[in-house]
Amino acid sequence: MAHPLPSTPLALHSAAAATPLLRHQPNFTHLISTATSLPHLKQIHSHLLRNPHHSNQQQHFFHLVLSSLSFPSYALSLLSFIPTDGPPPQQFSNNLLKHLSRSNNPHNTLFFFQAIQEKAFPFDRFCFPPLLKAASKSRALTEGKVIHGLAAKHGYDSDPYVETALVGMYAACGLISDARLLFDKMSHRDVVTWNIMIDGYCQSRLFDSVLDLLEEMKSSDTKPDGRIFTTILSSCARVGKLDIGKIVHGFIQENKIVIDSHLQSALLNMYASSGAMDVAQSLFDELKTKNVVAATAMISGHSKAGNVEAARLVFDEMSHRDLVCWSAMISAYADSDKPQEALKMFHDMQKHGLKPDQITMLSVISACARLGALDQAKQIHQFVDHKGFGNFLPISNALIDMYAKCGSLEKAREVFGRIHRKNVISWTSMVSAFAVHGDADNALKYFQQMKFENVEPNWVTFVGVLYACSHAGLVEEGKKAFESMVDQYRITPRLEHYGCMVDLYGRANRLADALELVETMPMAPNVVIWGSLMAACRIHGEFELGEYAAKSLLGIDPDHDGAHVFLSNLYAKEKRWDNVGEVRRFMKHKGILKERGYSRIEMDNEIHEFLTADSSHKQRDEIYAKLDEVVVELRRAGYEPNTSGVLVDLDEVEKREAVLWHSEKLALCYGLISKERQSCIRIIKNLRICEDCHNFMKLASKVFDREIVVRDRSRFHHCRDGVCSCKDYW
C-alpha cells in the first residue's frame, strides 16, 4: 500500500550495554511516560529485553511504541519486533493511528497501518477515520482507495464517521464528483459533513456549487454554523472572489447567523484581500477588540491596495504584534518602493525578541533585491546561513534573484551551484538573471541545460528566455522559443509573452512585425504592450506610429504619465510647442506628474539617494567639484554632452547643465570620491538611463579604470574599459 519507511536500527547490543536506569525492578510505566529523548527510550527498551519475565512486558512494549512516535523510524522498527504473545490493548491501534494522522508527516500513518496488518493486530471502525484523514492530508489517492476497499470489506463503509472521512479524502484528492456521490448517499449528515463537502467545492473553486449546497442545507435538518461560513470566506479571500463573498455575507445577514470573532475576522479578511478596503475598514472599526488576526488582514489589504501608510498606521496602533503581523508589515514595505523601511522593520522586529521564519525571510530578501544594495544582500545571506534557512529551496531561489538584482551574477551562480535538487524556479531564476544582465548566451545555455536535465520550463521561464532574446537582438532565436512554448510545451501565450515579442521586434526595428503582432494577438493589448511599441518608436524615430501607440495606451490608462511625457517629448522634437503646451496643461489639470528620476548608491552599509541637480547631500560641494573634474577628464577623451534628450525650450548652455546634473552622474561622482580605487561602483536608477549618461558611464569606466555597474528600469549595464555589456543595444 505504501513504500516502507526507512528503519532506524534498534541497536540492542549497545542499548543493553548502557548503564541501567534502576538496579531493582524498574517502574516501566513511569519511565516510559516520562521519557523525552530517543537514547532514553532505547535505554528503557534495553531494560525490557533484559527482564523478559517481568509482568506485563508486552503491554510495556506497546506503551513504548506509543511514546516513541516522535521518532517514527525507531517506533516502526520497535513495532515490527514486538513479541506476538498476545493481542495489544483494545485501543492501541486507534491511538497509534490517531496520533500519527495529526503529525506533520501524516503519510507515516499509512506505513504503520501496513505494519499493524502484517502483525495481524486487530482493528475496528475507529481506525478508518484517522487513516483516511492521513490519506487526505498526503493527497494519497491510491492508498485512500485501498483503505476505502478495506473498509467496505469489513462492513465499515456505512459508518457515518467513516463516510464523512471518505468524502473528505476524495474531495482533498481532487475527485469532487466521487465525494459528492458519497455525500448524497449518506443517510445521516451532520454539520461536519456539510462543512467538508463545502470545503471540497471551495478547494476546487466550484463556488456556484458552494452556493447551491448552502441553499440545499437550508432545507435540511442541519443548520449551518459559523465554521462553514468561515471556510467559504477564507477560500474567497485566497482567490479574490469578492462577488461570492458578498453573497455569503448577505446569506449570513438574512439567516441571522451569529457572527463571532472568527467569522468577523473571516469577513474582514475576505473584503481586505479582495481590495474592498472601505467595507473592510467599516468591519474593522466595528470590532470591540482589534485582535491581531484582523489587524494583520488590514495591513495586508492596505498593502495590496498600495497604501503602505495606512498599513503602518494600523500596525502602530496594535497593542500586541506577533510574527505574522511583523512579517505582513515587512512585506508591505518590500512590495512598495520602500525597501529600506522593510529592512529597518526587520531589524526592529528582532530587537523586540521575535525570530523570523521562512516567510519573513522571503520578504526581507525581496526587499534587498528591490533595493539593489550588494553589501546588504551579502549580510542578509550570512544571516540566512547562520539561522539555518539556507537549506530551504524557496530561500535559495530567492537568493539567486536577490544577487542578480544586486548586480552580482557570480554570487547568484554560487547559490545556484549549491542547490542539490534544483526545481523549475531555480533554473528560471538563473535564466532571468542572465537575461536582465544582457548575457543572452548563458540564458539560452541554461535554458537548454534545464531541458537536458528533464526540468520542464513553465510560462515564467519563457518570459526570461524571450526577454534575453529581445535585449540581445536575437529575433530568430526568440521566434523559435515562442513557437516551441506553444507547439512543444502546450503553454498558452500570455500578455507577458506577447509583450516580450513586441519588444523583440521593436528593438530590432521591425516595427511592422511588432504592430502586426499587436493587432492580431488573441487578447486585447495592455498598457505594457502599447508601452513597448511606443518605446521602440522613440528609439527608432518613428513618430507617427509612436503617437498612435501612445494614444492607444492612453485609451486604456488616461492618466499614464509615461505616455503623456512621450507625446510631450515627441512634439518637442518636432518643435510643435503648442502641442507640448496642450499636453502639459492637461497633465497639470489632471494632477499627472512625471515619475521622479533618482539614483542610489551604497556606501559603508548606507544608501545614498540623488535626484537630478540634487543639492541635499552633505558632501554636495565635493560631489559637484568632482563632477567638474570628471567632465574635464572625459572631454579630453572625446566626450561631448548629448542634449538631444533635453526636450524643453532651453538654450544650449542650459541644456548642457541639465544633462550634466542627472542623478546617476552625481551618484557616480560620489562613488569616485568615496570608494577605493579599483573597486566596483554600483548605481541603481529607477528610470531608463539616457543616452548621454550611458556614454558618460562607458567613458568614465575607461578614463578612471573602474568597473561601473548601472541597474536601470529594465536591465543592467556593466561598463568596463569604455565598453558596456549591452553593446549599446538597450
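A: The buried residues of helix α7 are Asn108, Thr109, Leu110, Phe111, Phe112, Phe113, Ala115 and Ile116. Buried means under 20% relative accessible area, exposed over 50%, and partly exposed in between (1.4 Å probe, protein chains only). Helices are DSSP runs (H or I, at least four residues), numbered from the N terminus.

This is a predicted model, in which local features need pLDDT of at least 70, side-chain atom pairs count only at pLDDT 80 or more, and totals for chains, interfaces and linings use all residues. Residues are numbered from 1 along each chain as its sequence is written, and side-chain values use heavy atoms, with hydrogens and water left out.

Helix α7 spans residues 108–118. Eight of its eleven residues are buried, so α7 is largely enclosed by the rest of the structure. What do these buried residues pack against? Their partners are α5 (72–80), α6 (92–101), α8 (128–138) and α9 (141–153).

Next, the backbone angles. Most residues other than glycine have a negative phi. Ala120, which follows α7, has a positive phi, near 60°.

Two loop residues also have positive values. Lys256 is not a glycine, yet its phi is about 50°. Lys256 sits in the loop between α15 (242–254) and α16 (261–273). Its relative accessibility is 72%, so Lys256 counts as exposed.

Asn454 is also a residue other than glycine, with a positive phi near 60°. Asn454 lies in the loop between α27 (440–452) and α28 (459–470). At 71% relative accessibility, Asn454 counts as exposed.

Terms used
Contact = heavy atoms within 4.5 Å.
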